[in-house]
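Hello, and thanks for passing this one along. Here are my notes, in numbered points, to read beside the coordinates.

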Amino acid sequence: MDVVTRLVAEKPVVIFSKSSCCMSHSINSLICSFGANRTVYELDQIPNGRQIERALLQLGCQPSVPAVFIGQEFIGGANEVMSLQVRNELVPLLIRSKAIWIWNKSK
């Protein structure tokens, strides 16, 4: 758990992903589409990926990826992020975490 806490500290958005996971790619693309400052960790491409994945499972992320943290807070996986988007709550959350500074709805 400590390794996850360290990785998300002082970063506005952190996405734990796997390079072969289409939902991870979709969530990353969604957050990127807002111009959000984000950090992505591909668990299948980093040395301690299995350790991080076990910690994410302990946090309750089922499946383990994508696992999204916004403002150092665990948001959840793809379903939770998409629910925020549908309820128009994702952008305000990204703004509060300083991942984005302004948002123009007319885009």
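This is a predicted model: local features need pLDDT of at least 70, side-chain atom pairs count only at pLDDT 80 or more; totals for chains, interfaces and linings use all residues.

1. Let me start in the loop between H3 and E3, where proline 63 is found.

2. Valine 65 and proline 66 are joined by a cis peptide bond, and omega is about -5° here.

3. What does proline 66 meet elsewhere in the chain? Serine 24 touches it, along with Ser17, Lys18 and Val65, leaving aside residues up to four places away in sequence. Serine 24 itself is found in helix H2. With a relative accessibility of 1%, serine 24 counts as buried, the cut-off being under 20%.

4. Glycine 77 is another partner of Pro66, and it touches Cys61 too, again not counting residues up to four places away in sequence. This glycine lies in the loop between strand E4 (73-76) and H4. Is glycine 77 buried or exposed? Its relative accessibility is 10%, so it counts as buried. For a sense of distance, glycine 77 and aspartate 44 are 33 residues apart in sequence, and their C-alpha atoms are 17 Å apart in space.

5. Now to helix H3, residues 49-59. Which of its residues are buried? They are Gly49, Ile52, Glu53, Ala55 and Leu56. These residues cover an arc of only 160° around the axis, and therefore sit on the same side of H3. An α-helix has 3.6 residues a turn, so residues three or four places apart point the same way. Note that a glutamate, Glu53, is among the buried residues.

6. The other side of H3 carries Arg50, Arg54 and Gln58, which are exposed. As for the buried residues of H3, they pack against helix H1 (2-8), strand E1 (13-17) and strand E3 (67-70). Just after H3 comes glycine 60, with a positive phi of about 105°.

7. Helix H4 can be read in a similar way. Ala78, Val81 and Leu84 are buried in H4. They span an arc of only 130° around the axis, which places them on the same side of H4. Exposed residues Asn79 and Val86 are on the face of H4 turned away from its buried side. The cover over the buried residues of H4 includes H2, E3, E4 and H5. Just after H4, asparagine 88 has a positive phi of about 60°.

8. Two packed helices are described by the angle between their axes and the distance between the axes. For helix H2 (residues 22-33) and helix H4 (residues 78-86), the axes come within 10 Å and cross at roughly 30°. H2 and H4 are therefore roughly parallel to each other, as angles under 35 degrees count as such. The crossing of H2 past H4 is left-handed.

9. Which residues make that contact? From H2 come Met23, Ile27 and Leu30, and they meet Ala78, Val81, Met82 and Gln85 in H4. By type, the residues of this contact divide into 6 nonpolar, 1 polar and no charged. Ala78 and Val81 are also among the buried residues of H4.

10. Two further backbone torsions are worth a look. Glutamate 10, in the loop between H1 and E1, has a positive phi near 60° although it is a residue other than glycine. At 78% relative accessibility, glutamate 10 counts as exposed. Lysine 98, likewise a residue other than glycine, has a positive phi near 65°; it lies in the segment after helix H5 (90-96).

11. Finally, a proline within a helix: proline 92 lies in H5. Its relative accessible area is 33%, so proline 92 is partly exposed. Between proline 92 and isoleucine 102 there are 9.7 Å in space, C-alpha to C-alpha, and the two are 10 residues apart in sequence.

Notes: Residues are numbered from 1 along each chain as its sequence is written. Side-chain values use heavy atoms; hydrogens and water are left out. Buried means under 20% relative accessible area, exposed over 50%, partly exposed in between (1.4 Å probe, protein chains only). Helices (H or I, at least four residues) and strands (E, at least two) are DSSP runs, numbered from the N terminus. The arc is that of the directions from the helix axis to the C-beta atoms. Contact means heavy atoms within 4.5 Å. Axes are lines fitted to C-alpha atoms, for helices over the stretch in contact, and angles run from 0 to 180 degrees between N-to-C directions. Angles under 35 degrees count as roughly parallel, over 145 as roughly antiparallel, 65 to 115 as roughly perpendicular and the rest as oblique. A crossing is left-handed if the near helix is turned anticlockwise from the far one by less than a right angle, and right-handed if clockwise. Ala, Val, Leu, Ile, Met, Phe, Trp, Tyr, Cys and Pro count as nonpolar, Asp, Glu, Lys and Arg as charged, and the others, Gly among them, as polar.
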